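Please look over the sequence and the model below before reading on. The notes that follow are meant for a reader who wants each term given with its cut-offs.

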Amino acid sequence: MNAISFLSTDGLPMESLAIYIGFGLILLLALRSHLRTFQRKERAARVSAAQAGLDISAGPRAQHPHIDTTWCIGCGACVDACPEGDVLMVLGGKAALVRGEKCIGHGLCADACPVGAIEIVMAPPSMTAELPALTSELESTLPNLFIAGELGGLALIKNAVNQGRDCVDLIAGRLRGVGRPRHGAVLDLCIVGAGPAGLSASLRAIERKLSFITLEAESLGGTVAKYPRQKVVMTSPVEFPLHGKFSKLEIGKEELLAFWQKAVGRAGLTIRTGEPVETVRRDPDNAFTITTAQGSYRALAVILAIGRRGTPRKLGVAGEDLPKVMYSLLDAESYGGKEILVVGGGDSAVEAALGLAFQPGNRVTLSYRKGSFSRLKDRNEKKLQTQMRTGALTVLFNSEPVEIREGQVVLEVGGATRTIQNDFVWIFAGGTSPNALLERIGVGLGRQDLQGQAVEAIASLEVA
């Protein structure tokens, strides 16, 4: 029986076919309606994200969640679990990474997902090209120069502490293995940075009886000392050298810094603060010369633990070293009912001012040394104009701070001096990227084949 005769037999197959076609059309229309609803919700979510100041196009810099939308059920558990606040969002019924550059790899989103739709992965090559090339033991393209902490692509205090400690253990093992005789002219190790990774490395170096020096551009605690959040979150207990396990998972910045200060004092650790490193040079004898504005030091190994935020450009005014002065804003919601000054005329300054002005009770002043903005994103300029009209934000053009006090800031505005009440100051005057230092040193960036690096590093110690 051919298809034509089959379709015409008693009319029944034809009627069945019509029913099937009818059901198919109904299903197709339902799917089309669902797709339109999905797209409408996604557009609305993206508009909401944009209004909240979220740049969905910004990509992750290092470790971040990858969401399998095939399994995601859009429950939002990952959004609630993220301590960073707005890294994830439910868009069109599915979880999405909307602010990947803020993700620091907690991994709590993956733990919270009830269907296992989230995996913590590294950033794509286009992003990791900005990161230093490292071996699995955190050694750079220069033998015996290590990078620990956020600069290597992994954030979190626990990661930095573990990496600083592990780098020192490896260096101590290499030095012991080659049986190098000690001589005072060359140190075993130079540690650059006194944040979580640098402090951990320094305390471990004392435990391992290494000769070393620790250099810090600013103050004890590194980036954490300028952390704007009122709470620093750790997702698992951390073991600090010379102290043991630190079990608190949520701790105030001030409490954490006080703990580090106590640990430093108890260990007799000396940190040369206010001494930024200008360059590191590998000499013909395979040792390193580390140069700062105050002098130079020689060491067989170097650990860079300087973070990824770089060195902010300072204004050089009196009072700029007060604790209330900060150079980055990670969490505007922690500040309310405050008198705030933001200094700068770029997008970072304007976005910070807008975010702070949105918080209840804040009175925000934006100081810019020029007479008008010339390089803002259109959306930021429009929002700024709106806030200026409503009075939520005051902009002082042709102005700059001349003195920062505990409860006040003195500004020069159009040639005249003005004093305003103040609780916090944020300065966005640009700065030096840590990658500039890496390039001067000669550390390679991006993914590279570093097989055999350890053998070369050990051999260089034998002849140092």
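This is a predicted model: local features need pLDDT of at least 70, side-chain atom pairs count only at pLDDT 80 or more; totals for chains, interfaces and linings use all residues.

Residues are numbered from 1 along each chain as its sequence is written, and side-chain values use heavy atoms, with hydrogens and water left out.

**Cysteines**
- The search of the whole structure finds 0 disulfides, a disulfide being a pair of cysteine sulfur atoms within 2.5 Å.
- For C113 the closest cysteine sulfur is that of C75, at 6.1 Å, which is too far for a bond.
- C113 is buried at a relative accessible area of 15%, where buried means under 20% and exposed over 50%, with partly exposed in between (1.4 Å probe, protein chains only).

**Nonpolar cores**
- The largest nonpolar core has 23 residues, of which V168, I171, L189, L210 and I303 touch the most other members; such a core is a set of buried Ala, Val, Leu, Ile, Met, Phe, Trp, Tyr and Cys residues joined through side-chain atoms within 4.5 Å.
- Helix 6 (157-178), strand 6 (187-192), helix 7 (196-207) and strand 15 (295-304) each give two or more residues to this core, helices (H or I, at least four residues) and strands (E, at least two) being DSSP runs numbered from the N terminus.
- The largest share of this core, 7 residues, comes from helix 6.

**Helix 8**
- Buried residues of helix 8 are K253, L256, L257, F259, W260, A263 and V264.
- These residues lie on the same side of helix 8, because they cover an arc of only 155 degrees around the axis, taken from the directions from the helix axis to the C-beta atoms.
- E254, K262 and G265 are exposed on the face turned away from the buried side of helix 8.
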